[in-house]
Amino acid sequence: MINQNTTVLIATFSPWKNGKRLPINGNVEPMIDFFTTRVKKTVLIDQVYPGSDFVMPPVEYYEKKKQTIKKLSWWVYCLYPFLKLTNTGATHISFKLRDFLSVLDVGMQTNKPYDYFIGLEAINALAGVLLKKLGKVKKVIYYVSDYSPMRYKQKWFNALYLWLDRQAAMHADVIWDVSSAMQPARIKAGLVPEKSAPVLQVPNALYPKQISQAKESEIIPYSLVFMGTLGKENGPDLAIESLALVVKKFPKTVLHIVGGGEGNEDRLERLVKKLHLQKSVVFHGFIGEREIVSATIRKFSIALAPYVFILGSARLYGDATKIRAYLAAGLPTITTQVPPLGREAEKKGAVVVVGDNKQEIAEAINEIFLNKTLYKMLRTKAFAFAKNNTWEKEFTLAFKKMERFTR
């Protein structure tokens, strides 16, 4: 278990815009918050996404809650010209090489080995494995927040991605998967189960202030909410198309869309206009503060997570933080067959799972509006499912379970 003498080295990834880390990789800040209050030293290498403001990873040192930001060694900066040339938003070999070398650079600077290395992305985890062989790290955790056996369109690059994932899965001390769907997919893609490190499911979670349910008297009647990024794969278009059917039976229904960016809002506004729903859709835009988002969504009647089935999509194997936020707000939630979390929560009676088409989504919305007993049951079971789903609990439980694997 971790304690006040523990040291932790983390290598993760984030997009950066206007000098700020964007919350797309939602695991970064929770790890910082968790470790910096519990351990002696936390070091975080943030491998900035291609397409970010800059290309060299910042190295964040946390000791006694004090943060210091340092740069990598000069020799890693030899990659700088190549990284600038390929900083286009797509993944390139030059960035993978940067990730591997940056972890080695930081890890080799310590005199006393880190107790734990946590690597998000296989390349980071494998660099951690090498550090362990060099005596700079004691235990390596391969933390997988995003996986798909068909992640890249280029066959050779996808094959390299799967090979790296297998190597990390075989050589780490333990694997933290955010979803139970990941390991079966990994095995199907070629991992020999007997060669795999032990796997723990460490789901995404929330902060206590996000877990709160509004009183029924505070709920806006006939209100729907879609929250999150607005790419088509997440289903905002389906939400709008479903609304067009719902308003035929419940004309006062309003869909609230919380999210924005990358021109997606323009596409959705055109769809709203095409379907003559201007008075039935409200765009709230992107809200950065997680507590404000939770306070915003919990006053609505029904939440929508209408993920679209796309073969090979990471949504088929990952966790769905959107659904976790909905349930933590006590919202009756409608989702599709895509996210594994939806099927898990359906077994507990906490969500309604339908096909990824507007007819089934609209029918589910109408049924919840009509059936007050169903509505109250979903509210109760949604909140019961989510009320203990905190980052502190999930990380603490993960380390407790690791004791039997890593002694």
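1. In this predicted model, the side chains of Arg-315 and Glu-233 form a salt bridge, with an N to O distance of 3.9 Å. Arg-315 sits in the loop between strand S14 and H10, while Glu-233 sits in the loop between strand S11 and helix H7, so the pair ties together parts that are 82 residues apart in sequence. Both ends are partly exposed, since Arg-315 has a relative accessibility of 29% and Glu-233 likewise has 29%.

2. A salt bridge at 2.8 Å, N to O, joins the side chains of Asp-237 and Arg-267. Because Asp-237 belongs to helix H7 and Arg-267 to helix H8 (residues 264-274), this pair ties together parts that are 30 residues apart in sequence. Asp-237 counts as buried at 13% relative accessibility, and Arg-267 is buried as well, at 16%.

3. Asp-115 and Lys-138 also meet through their side chains in a salt bridge of 3.3 Å, N to O, which links strand S7 (residues 114-120) with strand S8 (residues 137-144). Here Asp-115 is buried at 19% relative accessibility, whereas Lys-138 is partly exposed at 39%. Over the whole structure, the search finds 16 salt bridges.

4. Turning to helix packing, the axes of helix H10 (residues 321-328) and helix H13 (residues 372-386) come within 7 Å and cross at roughly 115°. Arg-324, Leu-327 and Ala-328 of H10 make the contact with Ala-382, Phe-383, Phe-385 and Ala-386 of H13.

5. On the surface, Met-108, Leu-130 and Leu-134 form a nonpolar patch whose accessible area is together about 250 Å². Met-108, which lies in helix H3 (residues 93-108), is partly exposed with a relative accessible area of 41%.

Technical notes: Residues are numbered from 1 along each chain as its sequence is written. This is a predicted model: local features need pLDDT of at least 70, side-chain atom pairs count only at pLDDT 80 or more; totals for chains, interfaces and linings use all residues. Side-chain values use heavy atoms; hydrogens and water are left out. Patches are made of residues with over 30% relative accessible area and no salt bridge: like charges are joined within 9 Å, nonpolar side chains (Val, Leu, Ile, Met, Phe, Trp, Tyr) within 5 Å. Accessible areas come from the Shrake-Rupley method with a 1.4 Å probe; for residues, only the protein chains shown count as cover. A salt bridge is a side-chain nitrogen of Lys or Arg within 4 Å of a carboxyl oxygen of Asp or Glu. Helices (H or I, at least four residues) and strands (E, at least two) are DSSP runs, numbered from the N terminus. Buried means under 20% relative accessible area, exposed over 50%, partly exposed in between (1.4 Å probe, protein chains only). Axes are lines fitted to C-alpha atoms, for helices over the stretch in contact, and angles run from 0 to 180 degrees between N-to-C directions. Contact means heavy atoms within 4.5 Å.
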